[in-house]
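Dear colleague,

Please find below the structure for your files.

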Amino acid sequence: MAGNSSKRGRQTVRDMVLSMAAVGIVVAVAYFSIPSAESKSGVHPVTYQVEVASAKRAAPYPLLGPDKLPDGWQATSVSYSPNEKGHAVWHLGLSTASGQYAAIEQSDGKPQDVVAKNVPGGKPDGSSTVDDQEWQRVQGDRYRALTRPAGSTGTTVLTGTASYEELAELARTLK
């Protein structure tokens with residue numbers, strides 16, 4: 001029986017080493033096969049050109065989208081759908097070259113409702129002229145915006161944590 005005890009102990013150590021090797025292989029494969037973030041910013045770019053074209057055909061108002069984004073800007077989210085009140089809502093979220101958030105929000109809802117929804121706590125803050133077009137400035141609790149009510153054909157709100165200058169840069173790209 002003494003022979004069985006020593007053989008049994010060696011089998012246990014051998015089995016443990018084999019198990020650890022198997023686990024190590026699985027961990028190594030997982031480590032090298034799971035993609036890592038390319039940047040530390042957490043920004044995940046999306047394409048938006050097809051959605052802009054589709055939304056322009058479907059929208060009951062002249063929908064605006066960037067012809068080409070400024071250098072260093074990335075689209076991060078895009079959608080076009082009716083809201084809870086049945087109004088057509090267009091959204092394009094962006095990351096600016098400085099890492100700030102900007103968005104194009106457009107809807108055929110009441111202008112004051114569209115602005116209030118997209119710039120919580122918004123108060124008038126003057127105006128800006130961009131390419132001969134007058135935009136109203138709105139400063140909210142967290143976001144600021146350039147807005148352009150277009151009556152019953154839609155309201156455009158360029159909003160986010162971006163500066164007024166960056167929002168004006170975005171306004172210049174709209175077609």
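Strands S5 and S6 pair in the antiparallel sense over four bridges; strands and helices are DSSP runs (E, at least two residues, for strands; H or I, at least four, for helices), numbered from the N terminus, and two strands pair if DSSP finds at least two bridges between them. In S6, arginine 144 is the bridge partner of glutamine 139.

This is a predicted model, in which local features need pLDDT of at least 70 and side-chain atom pairs count only at pLDDT 80 or more, while totals for chains, interfaces and linings use all residues. Residues are numbered from 1 along each chain as its sequence is written, and side-chain values use heavy atoms, with hydrogens and water left out.

The open sheet has seven strands in the order S1-S2-S3-S7-S6-S5-S4, with antiparallel pairing. Its edge strands, S1 (74-82) and S4, each pair on one side only.

Helix H3 (residues 111-118) packs on the sheet, touching S3, S5, S6 and S7 (contact means heavy atoms within 4.5 Å). The direction of H3 makes about 15° with that of S7; axes are lines fitted to C-alpha atoms, for helices over the stretch in contact, and angles run from 0 to 180 degrees between N-to-C directions.

Helix H4 (residues 164-173) is largely enclosed by the rest of the structure, because seven of its 10 residues are buried (under 20% relative accessible area, 1.4 Å probe, protein chains only). Among them are Tyr164, Glu166 and Leu167. H4 lies across S2, S3, S4, S5, S6 and S7, at about 40° to S6.

Yours sincerely

Key: Buried means under 20% relative accessible area, exposed over 50%, partly exposed in between (1.4 Å probe, protein chains only).
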